[in-house]
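Have the model open while you read.

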Amino acid sequence: MHLFWFVYFFMLGATFASFYNVVGIRSIDHISLTRRSMCPKCNHKLRFIDVIPLVGFIINRGHCHFCKEKIHIKYFLIEVLGGLLYALSFQVYGLSLYTLILMVLFSLIMIFIVSYYEHKLVLNKLVYYFLPILMILQIINDNFISSIQGFAVCIICTYILSLSEKGLSKYVLYTSCLGLVLGFKATILFLVISIIAIVLAKLFKKLPKFVYIVSYSCMISIFAYPYINELLLKIMG
């Protein structure tokens, strides 16, 4: 039964990620989300099997069925990422309200990653929709105080960082959403991982964009925190 739910959440995540690919790509072009997908090279409308998450890419061997143009692997990878995020949420937190909260957060993260990769666009308008939903869910989950603390810490830290790094102020809303879901303790872990990532990147002179650093640091923190917290409790107790 556990395997069934794991596979179910993986496929659900891959399916949503496929849609978020579309949202991220069309976000700046004002193209209707209901319009059928088509090949960007030959403009041929894709078959039903072509748009099935993961399956379409594998069956067509990474090429358009009609013109044989190579399809960028980024579409396949974001679907894999979505599947893993949803499946791991279930694996770590089970069938819980917090798993649903994580699914909502990961939806925001994936859209942010795709839209930034495609258009260098920071979709703060999208945060205005996600933020109240996440707040309501955290209140229902009886985790509001810790959430507000994480929310405040991320706002303060991002603002302080923006004073020395130009352009980072536009990420205040986005990081506040991450802190809201993480809660206070996991937010501290998130900040530590983010700082380590920045330091290592500067040492190797390859500094990823801020949106990637905070997004992937948040993912790691979400799944690592329960195990690190349990380990610390054993050491201290």
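How many residues does helix H3 have, and how far does H3 reach from its first C-alpha to its last? Helix H3 covers residues 73–93, which gives 21 residues and a reach of 30 Å, close to the 30 Å expected at 1.5 Å a residue. That expected span is 1.5 Å times one less than the number of residues in the helix, and helices themselves are DSSP runs (H or I, at least four residues), numbered from the N terminus.

A word on the source: this is a predicted model, where local features need pLDDT of at least 70 and side-chain atom pairs count only at pLDDT 80 or more, while totals for chains, interfaces and linings use all residues. Residues are numbered from 1 along each chain as its sequence is written, and side-chain values use heavy atoms, with hydrogens and water left out.

**H3 and its partner H8**

Quite a few H3 residues are buried, including Phe76, Ile78, Glu79, Leu81, Leu85 and Phe90. Here buried means under 20% relative accessible area, exposed means over 50%, and partly exposed is in between (1.4 Å probe, protein chains only). Now bring in helix H8, residues 210–236: its axis comes within 10 Å of the H3 axis, and the two cross at roughly 20°. Axes are lines fitted to C-alpha atoms, for helices over the stretch in contact, and angles run from 0 to 180 degrees between N-to-C directions. H3 and H8 are therefore roughly parallel to each other (angles under 35 degrees count as roughly parallel, over 145 as roughly antiparallel, 65 to 115 as roughly perpendicular and the rest as oblique).

On the H3 side, Leu81, Leu85, Leu88, Ser89, Val92 and Tyr93 meet Tyr216, Met219, Ile222, Phe223, Pro226 and Tyr227 of H8; contact means heavy atoms within 4.5 Å. By class, this H3–H8 contact has 11 nonpolar, 1 polar and no charged residues. For the classes, Ala, Val, Leu, Ile, Met, Phe, Trp, Tyr, Cys and Pro count as nonpolar, Asp, Glu, Lys and Arg as charged, and the others, Gly among them, as polar.

**H4 and its neighbours**

Helix H4 (residues 97–119) has 23 residues and spans 33 Å from first C-alpha to last, close to the 33 Å expected. Of those 23 residues, 18 are buried, so H4 is largely enclosed by the rest of the structure. H4 packs against helix H7 (residues 172–203) at an angle of about 160°, with the axes 10 Å apart. That makes H4 roughly antiparallel to H7. Among the residues making the contact are Tyr98, Leu105 and Phe112 of H4 and Tyr174, Cys177 and Leu182 of H7. The class count for H4 with H7 is 12 nonpolar, no polar and no charged residues.

Helix H1 comes in through Gly24, which counts as buried at 0% relative accessibility. Gly24 and Phe112 sit 88 residues apart in sequence but 7.1 Å apart in space, C-alpha to C-alpha. Setting aside neighbours within four places in sequence, Gly24 is in contact with Ile111, Val114, Ser115 and His119.

**Positive phi**

Most residues other than glycine have a negative phi.

| Residue | Phi |
|---|---|
| Leu54 | near 70° |
| Gly94 | near 70° |
| Lys120 | about 55° |
| Asp142 | near 60° |

Leu54 lies in the loop between H1 and H2 and is buried, with a relative accessible area of 11%. Asp142 lies in the loop between H5 and H6 and counts as exposed at 70% relative accessibility.
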